[in-house]
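Hi there,

Here is the structure I promised to pass on. Have a look at it first, and my notes follow below.

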Amino acid sequence: MQAYRGWILVFGLAFVISLLSEFALNAYLQQILFFIAINIMLSTSLNLVNGFCGQFSLGHAGFMAVGAYTGAVVSLYFQPFPWAYPIYVVAGGIAAAIAGFLVGMPSLRLRGDYLAIVTLGFGEIIRVILLNLDIVGGARGLYGIPGETGALACFHVFAWSGATVLLLWRLVHSSYGRAFMSVREDEVASECMGINTTRVKVSAFVISSFFAGCAGALFAQTTNSLNPASFQFIKSVDAVIMVVLGGMGSLTGSVLGAVIVTILPEALRPLQEWTGVDIRMVIYSLALIMLMIWRPTGLLGTKEWTSIWRKRAAPS
Amino acid sequence: MLLHLKDVSIRFGGLKVIENMNMAVNSGELVGLIGPNGAGKTTAFNLITGIYKPTSGEIIFNGEKINSLKAYEIARRGVIRTFQNIRLFANLSVLENVLVTMHMGCPYGLLAAFTHGPKFTRVERESRQKAMELLEIFNLQGLAQDLAGSLPYGIQRKIEIVRALAGHPKLILLDEPAAGMNPAETAELMGLIRKIRDEFNLAVLLIEHDMKLVMGICERIVVLDHGVVIAEGLPKEIQSNTKVIEAYLGVEESA
Amino acid sequence: MEEFIQHILNGLNLGAIYALIALGYTMVYGVLQLINFAHSEVYMVGAFAGYYGASFLRLNDSPGWTSFFITLLITITVCSVLGVCIERFAYRPLRNAPKLNVLITAIGVSLFLQFTGQVVFGADPKLFPEVLTDRTLFSMGAIRIQLFDVTIFSVALVFMLSLNYLINHTTIGMAIRAASFSSRSATLMGINVNSVIMTTFIVGSSLAGVGSLLVGLKYPKIDPLMGMLFGLKAFVAAVLGGIGNLPGAVIGGLIMGLSEEMVVAYLSSTYRDALAFGLLIAILLFKPSGIMGQVRVEKV
């Protein structure tokens, strides 16, 4: 019925995109498309915590890493049937969710900016642990991870990406979404209106980590290899920029932010080659500062694309 | 006795803000808590709602000692408040503000929030309906879609009351509900407070400086000064109580 | 046993440097309730200012106390100026913005300095010039007390004592204390909160400048990314001692230095950085207000 419409949209879009990709794009552009899908999962899930719940997480890369390595390891040792990729993604998501719970519980009990520092530290610790864990390759990296990049894989990635956006959209447009936002707006008032703010914050954090983990597992399947260097603090900053640029509190904005942040470095690559340095981080950081001073609401603020329709329709 | 404060004290460091406060509110009663600025009235509210914990004494609500409960647990047991400095969810719509308090009674779980099935749709529709009905009592239904933070002060005060009502409280705490209102608005508010008390069978405890409102609707008044209860009784008694007059106006200097 | 004492001495030394940086974090947090992520980069820039300054003035050709103090002057000046600029251009416009926005800006400034540093200074590590020559002052068995160690500890101590005097015995210090308690009330009392905040940043950044020189002496390899990890640990030290509490920052710094030294000596150097994170989680679980901190009651 009504609920199925969303899924039809998701799978339909994924189907169309994978067809387009297979027949209209070269391998380089195809890979960018894969990364766009993965980054959409990262930005929308981070927005749940940063944008809708008003907390500041700086460790998204850490959860992505947990999901990536878990998914990769499971796929290397456990192959129940061909094309078991969705299982590995779920495995990665669950592992990341557990990590999210362990990190979130102590830090979110407290009111304040502690989450930022804890998640920053967490991201670093995960990376250090992975660097020293020789079973998963350590600094040399993990290779030979099962994963394809054909049309079917493209469908798979975009189905997950679309599912993430759909599920988060629904969550945000429910009583739970309002609970998240009330915590963002005024935690004390929220608590006095009967909202268990700690549980709300931890829930948002765990859900967000789950999808980051899924994104990580898909990342592993796309690149077929993993290295702790891919999950440095910069990756967490990437995610933050996607969310802030698009608009904290707008899922549509996060999608837009993800697309821009994925494409921009590729577009800036000639400049990077010319100067010989990673000029994009200088640009990113400057962009962050300027956005916060002049347009803190980002591109879309808290508006979603449905606002355009709603302006014509009568209020619900 | 719905709410009973037994010898409640709280101190912050060396400062005794409330000392041995005894107060009771019965079901359906309309009680006023008054006193000069800094007397500790809002602190009393914070103690009752669980934002502060008393250093000694007991707070009993509906027969249960609620001293050590968290604020949201107390809200779920039926004690909901408004704030002296308005604390609305500014970037949410008026309707969403009211819906937030309904979350504690939400019959669907996280799974339904993800699937948006028939139960979800039904519950959402019913909640919105109930919220609109509450807003209608205060004649705010036209502003349902407006951002709460963008509205005038007096209207925000009323929205806070509706938001509190949405949680089906047994006791509602109003912290200076008439602040910043002109006499006409205050008279309207008096009627509304009486109406919600009657219609929802609530007990109301309110802090107010506007004496016309206090004397007009309160059935009983408790007077707090420097953290101590100095008088309690019917409005007529309080009006002529010398200690109360002294607290507000000071002692007359002998010529 | 002697080795143990040596480790204690080393730990205290390292801790003294952490304390200097932690003080900067805690002072800004006290007055602005902001985690000044950029503080670690101010520290980094200080190290490079010392590097370029000392090299330009050929101070490493004549190592000694004069060179040391000239370099100190350079690092302190550059760090103070940078700190003031950051406050003025990045934080002040957001004085009334939601906390989250300022945090994001702070991250932005930190990253901007890191990466501009990589572009301007080059990503390769450089060797801090030897503006002072080390020598063993005292040795007894396995215990060796180096000139550098004594210098580091005494310089750090001098600055901490000066800070204590400033905060507790001067008018401006009183203003800073008032502002960190309640900036609104401070304004009502006629205190120019803007200049108090600027002073806080000058003092905090100067201490970072001192710390960067001391680090440059003892651990001469410097690179544009050196600030991040060191700053994170210093911040954890500040939280450990009670964020916003000055003596707490010193205690936290010493604890951080001691435990790091012990972990490296007796456990494994791989887990040196994990230690900071572990300490942070532990303190948040058991005493979030920190060792010296008091729970700040929020006015509702």
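Starting with chain B: 67% of its contacts with a separation of 6 or more are between residues 24 or more positions apart, where contact means heavy atoms within 4.5 Å.

Before the rest, some ground rules. This is a predicted model, in which local features need pLDDT of at least 70 and side-chain atom pairs count only at pLDDT 80 or more, while totals for chains, interfaces and linings use all residues. Residues are numbered from 1 along each chain as its sequence is written, chains are lettered from A and ligands numbered from 1 in the order in which they are written, and side-chain values use heavy atoms, leaving out hydrogens and water.

Along the principal axes, the C-alpha atoms of chain B fill a box of roughly 75 × 40 × 30 Å. Of the 255 residues in chain B, 56% are buried, meaning under 20% relative accessible area (1.4 Å probe, protein chains only).

Now the interface: 27 residues of chain A are in contact with 34 residues of chain B. Together the two chains bury about 2,900 Å², with 66% of it on carbon and sulfur atoms; buried area is the accessible area (1.4 Å probe) that two parts lose on being put together, summed over both. Tyr176(A), Arg178(A) and Met193(A) supply 26% of the area that chain A buries against chain B, more than any other three residues.

Best wishes

How values were computed:
Buried means under 20% relative accessible area, exposed over 50%, partly exposed in between (1.4 Å probe, protein chains only).
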